[in-house]
Amino acid sequence: MSSFIGVLVSDPWLQSQFTQVELRSLKTKFTSIKNQNGKVTVKDLPSLLVKLKAFSETFSEEEIGVILAESKSGMSKEIDFEEFLRIYVSLHAEAASNRGSSKNSSSFLKATTTTLLHTISGSEKASYVAHINSYLRDDPFLKQFLPIDPATNDLFNLARDGVLLCKLINVAVPGTIDERAINTKRVLNPWERNENHTLCLNSAKAIGCTVVNIGTQDLVEGRPHLVLGLISQIIKIQLLADLNLKKTPQLVELVDDSKDVEELMGLAPEKVLLRWMNFHLKKAGYKKTVSNFSSDVKDGEAYAYLLNVLAPEHCSPATLDAKDPNERAKLILDHAEKMDCKRYLTPKDIVEGSSNLNLAFVAQIFHQRNGLSTDSRSVTYAEMMTDDIQTSREERCFRLWINSLGIVSYVNNVFEDVRNGCVLLEVLDKVSPGSVNWKQASKPPIKMPFRKVENCNQVIRIGKQLKFSLVNVAGNDFVSGNKKLILAFLWQLMRFSMLQLLKNLRFHSHGKEITDADILNWANEKVKSTGRTSQIESFKDKSLSNGIFFLELLSSVEPRVVNWNLVTKGESVEEKKLNATYIISVARKLGCSIFLLPEDIMEVNQKMMLTLAASIMYWSLQQPMGDSESCPSPAESTITVATPDASPAPSINEEDENSSLSGEVSNTTIDDNVSDTTAVSSQLDNEETPACE
């Protein structure tokens with residue numbers, strides 16, 4: 001690859017939304033207007049934007065002008081290039097929503113927050129408020145603000161401090177955030193709010209949310225469409241958490257043989273829910289197949305059959321006999337309420353086909369009564385099909401990392417989703433732009449097995465070019481789902497992206513390759529510079545299990561981020577777990593995007609120790625030199641008390657939530673390692689963005 005200085009954008013998040021090809025093209029167009037007029041104003045943009053492919057088929061020049069007039073303070077306002085890019089991203093989201101874009105409909109996670117929808121569903125808002133009131137009403141801190149009135153903007157106002165969203169993440173996936181790391185008091189200063197939102201966004205990524213288009217400032221401002229989109233994802237993750245063989249081995253009843261089980265393991269949670277629903281509908285004699293949670297359930301017939309087969313004791317012939325859809329929907333909800341299902345929707349939501357609320361409703365029915373067999377033989381078979389603990393943990397880490405990159409595909413199960421090679425090609429093109437020859441790649445659906453092998457062979461070739469260790473590894477190993485080799489390849493890919501990030505940060509001064517040893521030496525020197533004596537020999541040093549070294553490392557890069565009053569000696573298993581949980585939350589609060597679990601620290605998983613240290617190093621190297629004497633600490637007034645000897649520390653900027661080493665690989669690149677698969681999948685007038693769609 002040839003190195004070059006591309007178009008640089010000061011906001012890492014904004015940089016990550018475009019490829020260098022797109023940035024150069026847009027920069028050329030922007031500069032052309034500026035050269036003609038001496039400056040660029042909002043009113044200059046409609047004539048430019050309407051010529052771009054992303055908007056030409058959706059908006060007229062007049063419509064673009066109206067949208068910009070509504071969203072901007074004045075059409076004569078002068079804008080710079082970065083403001084132009086923000087307008088482009090926002091308008092692209094508007095275009096996607098107008099087209100009813102569903103290219104990522106295979107997963108609900110891709111659809112909610114990556115489009116900046118400016119319309120708020122009152123029904124969804126009311127439903128999510130009811131969920132929050134129900135699950136957080138007894139929270140020691142939040143109960144003073146609950147219940148929330150859905151008719152007001154209290155939800156968005158309460159979300160401004162970040163506490164609500166952090167607590168909601170813990171409801172969805174218990175233990176994700178160490179609540180000792182949350183800044184909780186009635187009035188927070190800007191630094192504390194920023195810390196909470198940084199912790200929230202990095203933790204949301206760590207449970208599988210897509211937060212590519214959300215920054216801490218969006219949450220601080222309580223932007224309704226973004227806040228509601230994030231809440232929607234978090235709640236859905238909670239509701240769909242049990243829709244897998246590991247949590248509900250009885251799901252094996254939905255399939256006939258081992259091949260079908262493998263397919264089931266690779267399905268998105270909502271697809272599993274649909275299969276479960278159709279399984280019972282078939283038993284009940286329902287003739288149609290339900291393929292979505294909107295138009296296929298509008299008439300209520302499917303719900304009537306489903307509830308009758310699951311809870312016949314509450315069955316009423318009146319439900320199916322009802323001619324009025326609204327009346328039938330009301331009877332359905334009455335039936336569900338007798339089963340103790342929470343009311344996530346109204347009769348109107350069923351009739352209008354609200355997909356999010358109908359999905360939540362069906363998930364509730366599944367939780368209350370799934371109607372599946374408890375046959376021990378089936379359960380044992382399902383348990384045999386699931387992976388061992390270590391393999392599952394690594395699969396989870398790589399899956400979350402891939403999904404945080406902003407590629408087009410969404411991964412539900414690494415071992416199943418990489419077998420056609422397309423996902424791996426997308427990731428390679430993201431971390432090493434230009435490395436993939438898309439003309440030689442096949443995109444899904446791929447029916448011919450040899451096409452999958454061709455894709456995976458190209459993956460192997462690129463891996464060898466990047467100097468990965470791939471002795472005796474062939475593309476067919478990935479196609480056949482060899483878990484050991486897939487995990488080994490993904491680790492090398494993740495490690496490559498980390499080291500490239502660090503190399504690019506230091507490009508102007510060094511330009512040398514960064515190695516594991518460099519990260520180890522940096523960590524030891526950083527801790528030593530604070531006067532502490534902890535040192536490690538490698539990232540498999542058993543002393544790391546107590547967590548003290550990483551807490552000292554975090555404290556060395558941001559002196560007030562660690563509250564030493566909460567740190568244990570790490571002698572017992574319980575103390576080690578407390579420290580490990582605290583480390584992960586403090587690192588995320590600082591701005592590190594990491595996907596490890598407390599057990600990885602306690603057991604000293606060498607790979608995860610390297611990613612954690614590298615992520616902290618990446619964040620530290622991004623901070624301006626010399627700020628430690630002049631900037632206030634972000635944790636100055638936090639509930640977590642600083643150590644007595646803590647010194648002033650650099651502030652955490654609003655952009656720091658993007659300091660993701662393991663997540664957003666293209667955020668700070670300054671050579672050709674810039675994102676080539678954009679989060680907004682933007683298309684300019686004469687370029688196409690390659691992706692496996």
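Predicted model: local features only at pLDDT ≥ 70, side-chain atom pairs only at ≥ 80, totals over all residues.
**Whole chain**

Start with everything shown as a cartoon. The chain has 32 helices and 0 strands. It holds 693 residues, and 58% of them count as buried. The accessible area of the chain is about 28300 Å², and carbon and sulfur atoms supply 49% of it.

**Helices α8 and α10**

Select residues 122–136 for α8 and 163–172 for α10. How do the two axes cross? They come within 11 Å and cross at roughly 75 degrees. Angles of 65 to 115 degrees count as roughly perpendicular, so α8 and α10 are roughly perpendicular to each other. Show side chains at the contact. On α8, pick H131, I132, Y135 and L136. On α10, pick L164, K167, L168 and V171.

**Two cis peptide bonds**

Move to the loop between α8 and α9 (154–159), where P147 sits. The bond joining L146 and P147 is cis, with omega about 0 degrees. Then jump to the loop between α24 (422–431) and α25 (449–465), which holds P445. The P444 to P445 peptide bond is also cis. Its omega is near -5 degrees.

**Two positive phi values**

Select D340, in the loop between α18 (325–338) and α19 (347–352). Its phi is positive, near 70 degrees, and the residue is not glycine. Is D340 buried or exposed? Exposed means over 50% relative accessible area; D340 has 60% relative accessibility, so it counts as exposed.

Go on to K467, in the loop between α25 and α26 (475–479). Phi of this non-glycine residue is near 70 degrees. K467 is exposed too, with a relative accessible area of 74%.

**Helix α28**

Select residues 516–529. This helix has 14 residues, which should span 20 Å at 1.5 Å a residue. The end C-alpha atoms are 20 Å apart, which agrees. Colour its buried residues: I519, L520, W522, A523, N524 and V527. They pack against α27 (483–505), α29 and α32. Past the helix, find G531, with a positive phi near 90 degrees.

**S555 in α29**

Select S555, which lies in helix α29. Its relative accessibility is 10%, so S555 counts as buried, the limit being under 20%. Which residues does S555 touch, leaving aside neighbours within four places in sequence? The contacts are V562 and W564.

**Helix α30**

Select residues 573–590. These 18 residues reach 26 Å from first C-alpha to last, close to the 26 Å expected. The buried residues run from N579 to L590, including Y582, I583 and R588. What do they pack against? Show α11 (190–206), α29 (548–557), α31 (598–602) and α32 (606–622). G591 follows α30, and its phi is positive, near 135 degrees.

**Cysteines**

End with the cysteine sulfurs. How many disulfides are there? The count is 0, where a disulfide needs two cysteine sulfur atoms within 2.5 Å. Look at two of the cysteines in turn. C315 is partly exposed, with a relative accessible area of 38%. C592 is buried, at 0% relative accessibility.

Methods
Residues numbered from 1 in each chain as written. Heavy atoms only, no water. Helix = DSSP H or I, 4+ residues; strand = E, 2+ residues; numbered from the N terminus. Expected span 1.5 Å × (residues − 1). Buried < 20%, exposed > 50% of the residue type's maximum accessible area, 1.4 Å probe, protein only. Contact = heavy atoms within 4.5 Å. Areas by Shrake-Rupley, 256 points an atom, 1.4 Å probe, with all protein chains shown as cover. Axes fitted to C-alpha atoms, helices over the stretch in contact; angles between N-to-C directions. Parallel < 35°, antiparallel > 145°, perpendicular 65-115°, else oblique.
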